[in-house]
Amino acid sequence: MSQATDGINLTAYAAGADSDAPPRVDSTTVAEARRQMEICNACRYCEGYCAVFPAMAMRRAFSEGDLTHLANLCHNCKGCFHSCQYAPPHPFGVNIPATFATIRQESYAEYAVPRAMGRLFERNGTVVAGVSALALTLVLVLVVALQDPAVLWSAQTGTGAFFRVIPYPVMVNLASLTFGWAIVAMILSSWRYWRGTAPRSRLPLSGPAVAEATMDVVLLRNLGGGGHGCNDLDDGFSHTRRWLHQAMAGGFMLCFAATCVGTVYHHMLGWYSPHSFWSLPVQLGTWGGVLLCIGSAGLLYIKAVTDPAPVARRLLGGEVAMLALLFLIGATGLLLLVVRHTGAMGFTLALHLGLVLAFFLVLPYSKMMHAPFRALALLRNAMEKRR
Amino acid sequence: MDFTKVWDVLVVGGGNAALCAAITARRMGASVVVAEHAPKPMRGGNSRHTRNVRALHPAPTNVLTESYLEEEYWDDLLRVTGGRTDEALARMTIRASQHAPGFLEECGVVFQPSLSGTLSLSRTNAFFLGGGKALVNALYRTAEAMGIEILYDTEVQHIAVEEGFAKEAIVSWRGFPERIRFRTVVASSGGFQANREWLRRYWGDAADNFQIRGTPFAQGRVLKDLLGQGVQEVGDPTQFHAVANDARAPMEDGGLAMRLDCVPFSIVVNEEVDRFYDEGEDVWPKRYAIWGRLIAQQPNQRAFAITDSQALMDYLPSVFPPIFAGTIRELAGKLGLDSDKLERVVTEYNDAVRPGTFNGKALDDCRTEGLTPPKSHWARRIEKPPFHAHPLRPGITFTFLGVKVNDRARVMMADGKPSANMFASGEIMAGNILGQGYLAGFGMAIGTVFGRIAGEEAARAARN
């Protein structure tokens, strides 16, 4: 246990344990997470489930940064809850999935850029839904204001059909501005997160650590429950959530690739949309949309029917709203493909792009922050294991 | 639930031994009903708090390293029981334990390679992924899928026995009085450790200070009922498996995480500030099970493990933090002990420590000389502040008083005849094999082995 000695100040540990010491100033959830981790660290039955428990076992005391790191390392597989001898109704009331989900949310808010935007996580479901409604309205109003309103219901065909609904410069500028900002804000947040949760001793960054973290992300190994899957619905094990998540994430990436290819076609090759069904951007977008819809709808279904005990109910609004938004983006994209030669194209395109705009706007202030934070937590864990 | 039905097999209890019996009987085609006293979230008896099963294996398996053969297993058992065992039953259990992990895997239980905090038992013991509650969940899922009727909140209060033949069970089903009719019955309802009144009979007021580590439902009602109706008794009623628990643990159901592994790296004094046993006699996996009883024999059933900052990382962390102090005197004050005497005891101990090379993972050469009792290993001077202490109480796992069974898990009557239709498995009959002492993971071995035999025999007897 030599690694456990590293970086622990015994006097501080002693002071923390002393009833005469001043009370801790951490949030209630952090104090609760610390209480639970101290029980887990004496028990350790869950060490085989995921990366969280071996990472916990490397520690004796849990700073706020440690707890934030462990919480973001947690993939919410719920294996530790269903197997917990101390889960409610036991008086110890250990519920790591719900507690860590709350800590994760607090970390998204804590490290938000700009700082004040962290408040958007308080009622995130309302924020995501509200921004979506506003963005939809904005796009429809813009179409009516800038173009002939008739484009919303009359068929448009031939080269540049889409841009007769929404002018190309408006589309590109709005998208670049909002998406560009989202990326900048997410990078800055991630940097603040990385600094804020850094351990006392420096860890070396190595190729193998990066490779391991990358494979963890690609394979979602920590939703594997040690090999046989996670507790999607109850104490039974399955890989459903893992597959659905990767369908959704993969679908999202395909859609993003479709957009990139379309941009290259437009600017570098001079090939303008709409492209034929068998063209690369449409193929990427179609399969991406299908996967995005299957993944997000499946995850919504699991959220609806899963055992609610290990779920942080307060966070459900934001999670459901984001899944619904992703589903609607995928669904309207597919619908657009179906109706693009009809009079419904204009309205469908406005809907689709309105939802995409909303997605870009809320991106750094939503559940989507779990992606960079968890990737960083996996990287830190891979580095810590090699110390 | 149809209470008019005559079931082939009634299984009393809801832990590992009960479910192994139920699943085996059902596999043989019997209709099976399980009566579990606990509500669903607390189901599984003491199995909910377990972690592994000790299993014989001639060669490495997917979950066990090297090999662990009958003679070594038997020697280990002989050593902890001091010979108070039944060799035939014990050897049969040891041999059959080879197939316990495989059977449990068939029932959906997942094993894991052992990592940290496992008392270095990966050679002899197969660890359940997620621990005992995960095992219990898997067994119940399997049982339900096979069509076994599970009754939660159902306490069997009386089994009517006539001349060695069990006729029916009187139960409290969710608070309502009912009767369950059956052809055969398997008693897997555990010991009586959670029944303080019963413990008081042997231990007097000391029983009030015992922490019951496991399920509060182990009231021994069926055990008492059967022993009162001509079933043969086995085991010393004062014997139990008990460990050194944190004195601040809940009085019931605190589970595994309340145990303290600090003893070998500390000195342990009682309330009168006397040391009473060699803290470093042997490696902790071979000694942890005697400390509960040692503490139970101290005044007010309390003791204190005292050590310094050097030792803090040598044992697994505790749920309740140690009590820290800058000096031994201050520590004594915080613990409510005689400060002068504690200073004297620590000084005497420090003076007796001989130089050596400390190795917390093996029997090292750090020992005392001229001290009574000695500390034979891991003796380091207690001198580096902050000093710290863990208050200790006995944590009782299960009692050894049980019903006598034969090697086919059949309950024996006081007149020496086997019962016609009563079988037993688990802690209710563990006293047949464990006269005293304990081996980690052996309770689950007994439960699985006898559960399977009891289920098989009960199903067969029900058919005739």
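Visitor: How many Å separate the centres of domain 1 and domain 2 of chain B?
Guide: Taken over C-alpha atoms, the centres of domain 1 of chain B and domain 2 of chain B are 34 Å apart. Domain bounds here come from an automatic or database domain assignment.

Visitor: What kind of model is this, and how are the residues numbered?
Guide: This is a predicted model, in which local features need pLDDT of at least 70 and side-chain atom pairs count only at pLDDT 80 or more, while totals for chains, interfaces and linings use all residues. Residues are numbered from 1 along each chain as its sequence is written, and chains are lettered from A and ligands numbered from 1 in the order in which they are written.

Visitor: Where are the domain bounds in chain B?
Guide: Domain 1 of chain B covers 6–237 + 400–463, and domain 2 covers 243–395.

Visitor: How many residues are in contact between those two?
Guide: 20 residues of domain 1 of chain B are in contact with 19 residues of domain 2 of chain B. Contact means that the C-beta atoms of two residues, placed from the backbone, lie within 7 Å.

Visitor: What classes are on the domain 1 side?
Guide: The side of domain 1 of chain B that touches domain 2 of chain B has 10 nonpolar, 8 polar and 2 charged residues. Nonpolar covers Ala, Val, Leu, Ile, Met, Phe, Trp, Tyr, Cys and Pro; charged covers Asp, Glu, Lys and Arg; the others, Gly among them, are polar.

Visitor: Switching to chain A. Where are its domains?
Guide: In chain A, the assignment gives domain 1 as 2–110 and domain 2 as 123–368. Their C-alpha centres lie 32 Å apart. 23 residues of domain 1 of chain A are in contact with 20 residues of domain 2 of chain A.

Visitor: Which element gives the most to the domain 1 side there?
Guide: That is α7(A), with 6 residues. By class, the side of domain 1 of chain A that touches domain 2 of chain A has 9 nonpolar, 12 polar and 2 charged residues.

Visitor: How many helices and strands per chain?
Guide: Chain A has 16 helices and 0 strands; chain B has 11 helices and 19 strands. Helices (H or I, at least four residues) and strands (E, at least two) are DSSP runs, numbered from the N terminus.

Visitor: Is A:Pro208 buried or exposed?
Guide: A:Pro208 is exposed, because 11 other C-beta atoms lie within 10 Å. A:Pro208 is found in helix α11 (residues 207–219) of chain A.

Visitor: Which residues have the most contacts inside the largest nonpolar core?
Guide: That core has 265 residues, and those with the most contacts inside it include B:Val9, B:Val186 and B:Ala424. A nonpolar core is a set of buried Ala, Val, Leu, Ile, Met, Phe, Trp, Tyr and Cys residues joined through C-beta atoms within 7 Å. Not counting residues up to four places away in sequence, B:Val186 touches B:Val9, B:Phe423 and B:Ala424, among others.

Visitor: What is the strand order in the open sheet of 3 strands?
Guide: The order is β3-β5-β4 (chain B), with antiparallel pairing. Strands pair if DSSP finds at least two bridges between them. β3 (52–54) and β4 (111–112) of chain B stand at the edges with a single partner strand each, so one side of each has no neighbour in the sheet. Between β3(B) and β5 (residues 125–128) of chain B there are 3 bridges, and B:Val53 stands opposite B:Ala126 in β5(B).

Visitor: Last topic: how many residues are in contact between chain A and chain B?
Guide: 35 residues of chain A are in contact with 33 residues of chain B. α3(A) gives the most to the chain A side, with 5 residues.

Conventions. A residue is buried if 20 or more other C-beta atoms lie within 10 Å of its own, exposed if 12 or fewer, and partly exposed in between; C-beta atoms are placed from the backbone.
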